[in-house]
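The following exercises concern a single structure.

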Amino acid sequence: MIETVCDEDLYIWHLFVGCPGAYSDKNVLAASPLMLDVNDGTWPPMIYKYTLNGRSRRLLFYAADQGYPRYAIFAKPYSKPDTPRRKVYNRLQEALRKNAERLYAVWWSRWFITKYPERYMTLPRLIKTAKAVAILHNMAVEYLRHGFIASKRMAAAAAVRGARSGRQDGDDQGASGDGTAIVKDDGPTCGSVWGAPVPDSDGRGNDHRGCEDAPMGTARYMQMAEKEAKDTQEHFSLLHDLAEHVRADRGSLLAPYLRLPDVGGLSEGLSRAEDVLR
Amino acid sequence: MDDDVADDDLQVAVVLGARSNLSTRRTLLSVREGRVRKRVGGSRPGHRPNRPRDFDLGAHAILRDLFGVDGEPPVHGEDPFEERFRLPRPVFNRLFRSICNEPAWRQTINATGRPQAHAIQKVAAALRVFGYGEPFDRADEYCRLSRCTTDLYTRRLTHFIIDKWSLTYLRRPNAEELEHILTRNAARGLPGCMGLYRLYPLDVGQVPKGPRRAVQGPQR
């Protein structure tokens, strides 16, 4: 099995090869160095704060498809989206997640040796070949990524947004959109999800949970970190907050994926998005 | 006459001494490594001599096709270059420049005074194995390298790349890169998403997948 974490440009940020194909996803997760670091609490870094649905969070997550465990570090799509906001969230999530599928299409067609496992002869050679191929792939992506259409679109969108905010500032109060959704956090990073400015009304919003008696690296810290990263309740609340979050400005977010007839004057955000895409 | 006999004796003595020296060294080596190694390659009695491959022909063909020799432009342009090596030309140049002066890769001269394969042949053969999934003896026609040489240099290229670049190109994102990723994903509606996670079985690529529907982009 190959375990990868890639980004939108198909740059591979994590690679783990070598588990037998008979392993289920959960067994691979239990063996992967990434998840071992998650269990230790050394990954993901808790230095960023982002706000979803009025709550600020610190635990970053990966976008994954269905079939992975319901951990708080995985944002999975809803299995049966029945409300409009869940459908919107699913659409946006799979629009991003398709790049993970695309990585394997590109890898398998670009480096054909992965199609012929008998060329590897041994297991160490399989692992080393996959690593070397991934490194070559990353070097090529690093050179080529400035010409990718995603970066061009992003630059165009930023230009449009800059022009619009320059014209009438304070226009969009949506939580996402421009890069201010992510804030570098200087507060104490003691293995807790909930940040300080959270509404303290719900009982879980406790920032200094065990900060004093569990310094980093101790067994208690690791236990807390693992529990926090693999919490099922947190997973569902994350999905709920994401669905609420993308609903706020679904017009501009969904615009690239819609094929609407050119009626004109649907909304300003839609026409702006069309300008970006053109 | 006496001198001839003495010469013969001297030669026999030298040969016997060299052989005993060799066997001693081999025994010592096998003792030191804890196991008896089978001797691989090299010339020895009963071994078939090396085939007279024209190494220059392979190097000349690669240089003519993709780089241009004698002031002429290359036969293939930029896009075929990327199709052949699966790398853009600057990336390939970077790889080749760092590899071509390694002692295992540079062109050597063997005991008979004949120049051996050029570094570009070895890199090209190994990259063709990676890119096309070629069998090792398939590169013989174009790169003029034998089967075991291609195998060896594929392995060496793997080790070279991993030793040199695995800390640079196969690592977790640092704070700056993570911030870039988070910003981009926030612009697409998922703030806090730091990557796309996927497990994939290695052997599914051989199986024909049904109608192409799985992920086809925006039209749906």
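**Exercise 1.** Is B:Asp70 buried or exposed, and how many other C-beta atoms lie within 10 Å?

*Solution.* The model examined here is a predicted one.
Step 1. The count for B:Asp70 is 7 other C-beta atoms within 10 Å.
Step 2. A residue is exposed if that count is 12 or fewer; B:Asp70 is therefore exposed.
Step 3. The residue is located in the loop that runs between α2 (55–67) and α3 (78–85) of chain B.
Step 4. The backbone of B:Asp70 has a phi near 55°, a positive value in a residue that is not glycine. Most residues other than glycine have a negative phi.

**Exercise 2.** Determine whether B:Arg144 is buried or exposed, and describe its backbone.

*Solution.* 
Step 1. Around B:Arg144 there are 23 other C-beta atoms within 10 Å.
Step 2. The cut-off for a buried residue is 20 or more, so B:Arg144 is buried.
Step 3. B:Arg144 belongs to the loop between α6 (140–143) and α7 (147–169) of chain B.
Step 4. Although B:Arg144 is not a glycine, its phi is positive, at about 55°.

**Exercise 3.** Identify the peptide bond from A:Trp43 to A:Pro44 as cis or trans, and locate A:Pro44.

*Solution.* 
Step 1. Omega for this bond is near -5°, and the bond is cis.
Step 2. Most peptide bonds are trans.
Step 3. A:Pro44 is found in the loop between α2 and β3 (48–52) of chain A.

**Exercise 4.** Describe the makeup of chain A and the burial of its helix α6.

*Solution.* 
Step 1. Chain A contains nine helices and seven strands.
Step 2. Of the 278 residues in chain A, 34% are buried.
Step 3. Consider contacts in chain A between residues at least 6 apart in sequence: 58% of them join residues at least 24 apart.
Step 4. In helix α6 (residues 219–229) of chain A, the buried residues are A:Ala225, A:Glu228 and A:Ala229.
Step 5. Viewed down the axis of α6(A), these buried residues fall within an arc of 90°, so they line one face of the helix.
Step 6. An α-helix has 3.6 residues a turn, so residues three or four places apart point the same way.
Step 7. The cover over the buried residues of α6(A) includes α2 (33–40) of chain A.

**Exercise 5.** Describe the largest nonpolar core and the side of chain B that touches chain A.

*Solution.* 
Step 1. The largest nonpolar core has 92 residues. Those with the most contacts inside it are A:Cys6, A:Phe61, A:Tyr62, A:Ile73 and A:Ala75.
Step 2. Helix α4 (residues 123–144) of chain A gives the most to this core, namely nine residues.
Step 3. The contact between the chains involves 73 residues from chain A and 52 residues from chain B.
Step 4. On the side of chain B that touches chain A, α8(B) supplies the largest share, ten residues.
Step 5. The residues of that side comprise 33 nonpolar, twelve polar and seven charged.

**Exercise 6.** State which parts of chain B have the lowest and the highest confidence.

*Solution.* 
Step 1. The average pLDDT of chain B is 83, and 84% of the residues score at least 70.
Step 2. Among the elements of chain B, helix α1 (residues 2–33) has the lowest mean pLDDT (75), and α4(B) has the highest (95).
Step 3. Over residues 207–216 of chain B the pLDDT is below 50. Where pLDDT is low, the predicted coordinates should not be read in detail.
Step 4. For the complex, the predictor gives an ipTM of 0.78 and a pTM of 0.77.

Key:
Residues numbered from 1 in each chain as written. Chains lettered and ligands numbered in written order. Predicted model: local features only at pLDDT ≥ 70, side-chain atom pairs only at ≥ 80, totals over all residues. Core = buried A, V, L, I, M, F, W, Y, C linked by C-beta atoms within 7 Å. Helix = DSSP H or I, 4+ residues; strand = E, 2+ residues; numbered from the N terminus. Contact = placed C-beta atoms within 7 Å. Arc of directions from axis to C-beta. Nonpolar A, V, L, I, M, F, W, Y, C, P; charged D, E, K, R; others polar. pLDDT = per-residue confidence, 0-100.
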